[in-house]
Amino acid sequence: MGDAFADGWAWWVIGLAVGVPVLLVVLTELIGTLTRRGNPVAKPLRMLRNWVIPAGALLALLAFAIQSPADQVWTRVVATVFGFLVILLVLSSFNVALFANAQQDSWRGRIPTIFVEIARLILVGVGLALLFSWVWDADVGGLFTALGVGSIVIGLALQNAVGGVISGLLLLFEQPFKIGDWLDTGGVKGRVVEVNWRAVHIETGAGIQIVPNSTLSGASFTNMSQPDGPYSAETAVKFSTDDPPHEVMGLLVEIADALPMSLPGDRASVDYSGAGAYGVSIPVAGPADASRALSMYLSWLWYAARRRGFALDGDSTDPLAEPQRLVEAITAIAPTLHLRDDDIEAVTVGARLERFGVGEIVLPSGVVPDEVRVVVSGRAVLAIDADGGRIEFATAEKGDIVGHTALTRERTQAVTVAGEILTVVVLPLSTVDALIQSRPRLAVEIGEALELKRSLAATRLAELGLARNVIGER
């Protein structure tokens with residue numbers, strides 16, 4: 001026994017038998033605490049506990065306790081395994097220290113994963129070469145020389161292909177755009193849906209366009225999503241030179257500001273270029289809203305221009321303007337107004353037909369109407385603006401009156417929106433007043449309809465837990 005302690009191997013055995021279990025218990029408790037906190041340091045510590053320490057203990061047992069010769073195969077194998085595990089532990093620790101908590105906009109957060117994997121592979125290869133040189137006395141100098149020469153030959157042979165890959169990887173490192181951004185490359189315009197080391201996938205609305213990273217890195221492109229903030233959806237429209245420019249510009253701004261995608265507080269701008277040409281700029285939240293905003297804007301403008309008698313694209317014709325269409329429409333709504341056959345001609349004087357596109361505001365809230373509208377075809381939706389949105393509570397269909405408060409001279413509290421393509425007969429207030437005086441039943445029906453709409457609005461608000469002091473209807 002004295003010889004064992006004198007030789008020192010007994011102390012190694014005791015130290016390993018006591019120290020390794022204690023160290024494993026301490027690491028287990030520490031790893032459990034870090035895991036519960038979501039700390040990434042737990043990963044390299046788990047490798048240390050499960051692999052590095054057992055392999056190191058076995059190597060210490062062979063080399064110092066049993067005192068096995070260093071040139072024995074088993075000692076070299078264990079030393080090789082231990083050295084390899086230490087290399088992995090060091091790389092894992094560096095990965096946690098550099099990248100685990102990297103901010104998204106920092107240089108560490110912008111490094112593509114493939115760069116990290118290539119660097120890790122190179123370091124593992126170099127580490128293994130040095131390990132074999134140290135443990136097995138291997139001559140790795142010739143291997144490094146051969147690899148260097150081979151790399152040069154392969155690089156020259158594949159310089160075009162490798163150059164494209166490197167250009168793409170550098171583009172990923174710089175990250176001038178991210179998934180969800182809108183790009184305009186000159187030939188392709190759309191939203192980025194995927195980015196990898198080889199190509200960028202862009203959703204164009206007509207399918208996925210795949211653009212190689214090397215193509216983007218060698219050409220200029222526009223990131224329409226940067227910088228953050230309002231984005232302008234722009235379009236050009238043309239009217240007849242006979243249309244008054246200021247009235248046209250007022251209509252263009254009015255339609256743009258009514259769009260649901262238009263940013264509140266930012267008004268649209270219009271530039272007149274002469275010869276009936278106008279440029280419109282509509283503030284929206286981003287490029288994602290631009291195409292939808294322009295599509296809705298141009299469709300609304302078609303209906304609004306014909307209601308105002310302007311010649312959009314040089315064409316002012318409107319089938320609704322034909323006198324026979326108005327007579328047919330008033331005949332269709334005659335039961336609502338209690339009209340007799342001899343009343344139709346009188347009601348036609350001063351009346352007109354109007355048409356609205358889907359989503360257009362037929363009558364806004366907060367105004368005193370000076371006209372009454374009767375639905376001929378289509379459907380209108382009545383809603384109340386509350387909590388930053390619109391709460392629908394009723395509809396107006398064929399034969400229903402829109403604008404009841406014109407008769408009571410009250411401000412409207414609800415907004416009327418075209419739920420589908422809507423055609424209405426617009427009657428001057430004087431015409432409706434004359435009808436009411438000669439038809440008391442019409443006055444009663446209008447009053448009942450007004451109270452019903454107010455009741456429906458109040459009930460709907462109550463269902464949502466909202467309150468409103470005054471509920472009116474158009």
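This is a predicted model: local features need pLDDT of at least 70, side-chain atom pairs count only at pLDDT 80 or more; totals for chains, interfaces and linings use all residues.
Strands in a sheet are joined through backbone hydrogen bonds, and their pairing is either parallel or antiparallel. The pairing of S9 with strand S16, residues 422–428, is antiparallel and runs over five bridges. Within this region, Phe356 stands opposite Leu422 of S16.

Helix H16 covers residues 429–438. Its buried residues are Leu429, Thr431, Val432, Leu435 and Ile436. These residues lie on the same side of H16, because the arc they cover around the axis is only 160°. The face turned away from that buried side carries Ser430 and Gln437, which are exposed.

What do the buried residues of H16 pack against? Their partners include two strands, S11 (371–377) and S16. The helices among their partners are H13 (334–337), H14 (344–348), H15 (405–408) and H17.

For H16 and H17, which spans residues 440–463, the axes come within 5 Å and cross at roughly 115°. Angles of 65 to 115 degrees count as roughly perpendicular, and H16 and H17 are therefore roughly perpendicular to each other. On the H16 side, the contact is made by Leu435, Ile436 and Ser438. On the H17 side, Pro440, Leu442, Ala443 and Ile446 take part. Of the residues in this contact, six are nonpolar, one is polar and none is charged. Leu435 and Ile436 also belong to the buried residues of H16.

Two loop residues remain to be described. Most residues other than glycine have a negative phi. His338, however, has a positive phi, near 55°. His338 sits in the loop between H13 and H14. With a relative accessible area of 29%, His338 is partly exposed.

Arg409 also has a positive phi, near 60°. Where is Arg409 found? Arg409 lies in the loop between H15 and strand S15, residues 415–418. Its relative accessibility is 46%, and Arg409 therefore counts as partly exposed.

Note on methods: Residues are numbered from 1 along each chain as its sequence is written. Side-chain values use heavy atoms; hydrogens and water are left out. Axes are lines fitted to C-alpha atoms, for helices over the stretch in contact, and angles run from 0 to 180 degrees between N-to-C directions. Helices (H or I, at least four residues) and strands (E, at least two) are DSSP runs, numbered from the N terminus. Angles under 35 degrees count as roughly parallel, over 145 as roughly antiparallel, 65 to 115 as roughly perpendicular and the rest as oblique. Contact means heavy atoms within 4.5 Å. Ala, Val, Leu, Ile, Met, Phe, Trp, Tyr, Cys and Pro count as nonpolar, Asp, Glu, Lys and Arg as charged, and the others, Gly among them, as polar. Two strands pair if DSSP finds at least two bridges between them. Buried means under 20% relative accessible area, exposed over 50%, partly exposed in between (1.4 Å probe, protein chains only). The arc is that of the directions from the helix axis to the C-beta atoms.
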